[in-house]
Amino acid sequence: MSRRVVVIGAGIGGLSASIALAARGYRVTVLEKQARPGGKMAEVRANGFRWDTGPSVITMRHVYEQLFALAGRRLEDYVQLVPLQPLTRYFWPDGVVLDAVSDQDAMAENIRVAFGPGEAERYRRFMRYVARLHEVVGPPFLYRRKPALRDLLSLPLADVLRLDALRTMHQAISSFFKTPHLRQLFGRFATYNGSSPYRAPATLNVIAHVEMAQGAWYPRGGVYQLALAFERLARELGVELCYQTPVAEIELHHRRVCGVRAEGGVRLPADAVVCNADYTLAQESLLPERRPAPKLEPSCSGFVLLIGARGDWAQLAHHNIFFTDDYPREFADIFERCVAPTNPTLYVCITSKTDPSHAPPGCENWFVLVNAPYLSPAFDWSRQAEPYTSHVLEQLRMWLERIAPFGQRLEVIHLDRWTPADLQARYGGYRGAIYGFSSNTRLAAFSRPNNRDPRMRGLYFAGGSVHPGGGVPLVTLSGMAAAQCVAEDWPV
Ligand SMILES: Cc1cc2nc3c(=O)[nH]c(=O)nc-3n(C[C@H](O)[C@H](O)[C@H](O)COP(=O)(O)OP(=O)(O)OC[C@H]3O[C@@H](n4cnc5c(N)ncnc54)[C@H](O)[C@@H]3O)c2cc1C
C-alpha cells in the first residue's frame, strides 16, 4: 500500500504539491476549506461581467510545463496560454505612453522613439545584465531546495558578485537608465513579489528577465482556468479533493506528524502532511504546539476595485499601468508609514480585451489593483475603505480624462471593492499580505521558511509564504519542492 499524504489547502501551492506527489505514486488527499480550488487565484461573476480577482499576470510558463511533464502530460492539453503583446501599456503623468513588448528589438525601438537612442542602447545592456542574473539566481534561489548562507560560499566568487545583492534594485537600475520613466518601469517588478524597489536587493532584477525576455501569458477564458487545469490534472492522477473541509489541527505522535483533524472532529491519518495554508497562521493555529510568528516583514497587500465599465476604451490594453509621479513616496507610504498610498500607481487589467465574453456587449471588465500596506494599526480600513474607494476612482477618472479623446468618461455600471482586510478574510494571508513575506532585505531568500519543517518530522510547507516565495510560478515551484522533500524522507 503506497504512502498517504494529506495536503491542507487547494491553492496553487497545494495543487502543485498534490500533482507532484501523485505523479510519484503517493496516495494524496487534499482538504480545502473553501468550496473551490485556487485559493487567491479566484474569479467573480456579476451583472454579465467576469473578473479574475487575484493573479492577472502569468509568467514562467516553463514551470507549469515542468509540473505537467512530471505527470506525463502536456500543459497545452489542459489550458491555452496566450502570449500577450503588448505585455503592458505604461502611462506617465507627463503624457509619455510606452508599450512594453517581449521582442527585444521591438522594445528597443519603442524606447528609442520615446526616450532616444541612448536609452534604447542602455535597455539592451540592462537586458543582458538581467539574463546573466537569471543564470546565477535561477539554480540556487528558484529551481532548487531552499539555499543556506553556506551555499553561497560554494559558488564561484564571480557568481556571488553577479548576484548583485549589495545594491538595491533601484540603485542597479539607475546605473543603467537615465530617464526616471525607465527606472520606474523596471523598478515596478519588485511588486511582483510584494516588495519595494528602494529596499529589495538588485538580485530581484531577475524578474525583469522573466517577464520582458521570457514573456507573460494569459490563460484563455481567464487566469482561473489555470487553477482548474491543475485541479483536473490532480483528479486524473487520483488525488482526492475534499472541499468545504477546514483543517483544525495537524496531529502529532512523538514529534512526528501522524495526520490531521478536520473541523467537526474527523481524523485523517497520514505519513506526511503538506501545509498550503499561510505559514504564520499555520504556526499560530494549526500546530499542537503553537509557535510565535516568524519575525519577517509581510509582503504588501492590495486594494482591489472590480469595475464594470460601459464603453470601449481603445486607448487601453489588456494590462495597463498608470504611474504615480512620486514612486519613492508610494513605497514609503506602503512599507514605512504603512498607510494606503495617497498618490498611487494604478494597475488596470481588462481581460475582455482578449476574451470579449467577460463583459456584456459594449462594456469592459476592469480589475483595478493598488499596492497597499499589510494590515497594521497605522491604517484603519473599516473607516478608510469608503473614502479611499472614492479617492482611487477620482484618480482613475483624472487619468482617463488625460488619455481619452472627445471627452469619453468612465461610466461605472458595477463596482465591488476589496480592501486588505477583505483579502485577509477571504484568503487568510497573514496581515493581508498577498505574496507571503517581502524580499525587502538582502537575506530574505535565506530567512524565508523552508519547505521541510525543521522540528516536526513529516511536516512540509508549500505556498507563497515559504521557499522560493510568492507569485504563481514560485508557488508552483514551492509545491514541487515540498513534494521532493516528502519523496526524499518517505520514499513510496
Ligand atoms: C489581488 C492579487 C493579485 C495578485 N497578482 C498576481 C499576479 O499578477 N501574478 C502572480 O504570479 N501572482 C499574483 N498574486 C499572488 C498569487 O495569487 C499568490 O502568490 C498565489 O496564488 C498563492 O498561492 P498559495 O498556494 O501560496 O496560497 P493560497 O492561494 O492562499 O491558497 C491557500 C489555500 O489554503 C486553504 N486553507 C487555508 N487554511 C486552511 C485550513 N485550515 N484548512 C483547509 N484549507 C485551508 C485556503 O482556503 C486556500 O485555498 C496576486 C494575489 C492577489 C491576492
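Where does Pro468 lie? In this predicted model, Pro468 is found in the loop between β20 (459–461) and α16, where helices (H or I, at least four residues) and strands (E, at least two) are DSSP runs numbered from the N terminus. The peptide bond that leads from His467 into Pro468 is cis, with omega near 0°. A cis bond also joins Gln85 to Pro86, with omega of about 0°, and Pro86 has its place in the loop between β6 (81–83) and β7 (88–91). His254, although not a glycine, has a positive phi of about 50°; this residue sits in the loop between β11 (247–253) and β12 (256–262).

Residues are numbered from 1 along each chain as its sequence is written, and side-chain values use heavy atoms, with hydrogens and water left out. Because the model is predicted, local features need pLDDT of at least 70 and side-chain atom pairs count only at pLDDT 80 or more, while totals for chains, interfaces and linings use all residues.

We turn next to the ligand. Of the 32 residues around the ligand, Gly13, Glu32, Lys40, Gly464 and Val472 come nearest, a residue being near if one of its heavy atoms lies within 4 Å. The shell divides into 14 nonpolar, 15 polar and three charged residues; Ala, Val, Leu, Ile, Met, Phe, Trp, Tyr, Cys and Pro count as nonpolar, Asp, Glu, Lys and Arg as charged, and the others, Gly among them, as polar. A nitrogen atom of the ligand is 2.9 Å from a polar backbone atom of Val247. Taken alone, the ligand exposes 1000 Å², of which the protein buries 93% (Shrake-Rupley method, 1.4 Å probe). Two or more shell residues come from each of α1 (12–23) and α16 (472–489), and α16 gives the largest share, three residues.

Finally, the chain is divided into domain 1 (4–40 + 63–79 + 221–296 + 439–489) and domain 2 (104–216), with bounds from an automatic or database domain assignment. Their C-alpha centres lie 30 Å apart. In domain 1, 17 residues are in contact with 19 residues of domain 2 (heavy atoms within 4.5 Å). The two domains bury about 1600 Å² between them, 58% of it on carbon and sulfur atoms; buried area is the accessible area (1.4 Å probe) that two parts lose on being put together, summed over both. Asn440, Arg442 and Phe446 supply 41% of the area that domain 1 buries against domain 2, more than any other three residues.

Notes:
Polar contact = N/O pair within 3.5 Å; in protein donor to acceptor, adjacent residues only side chain to side chain.
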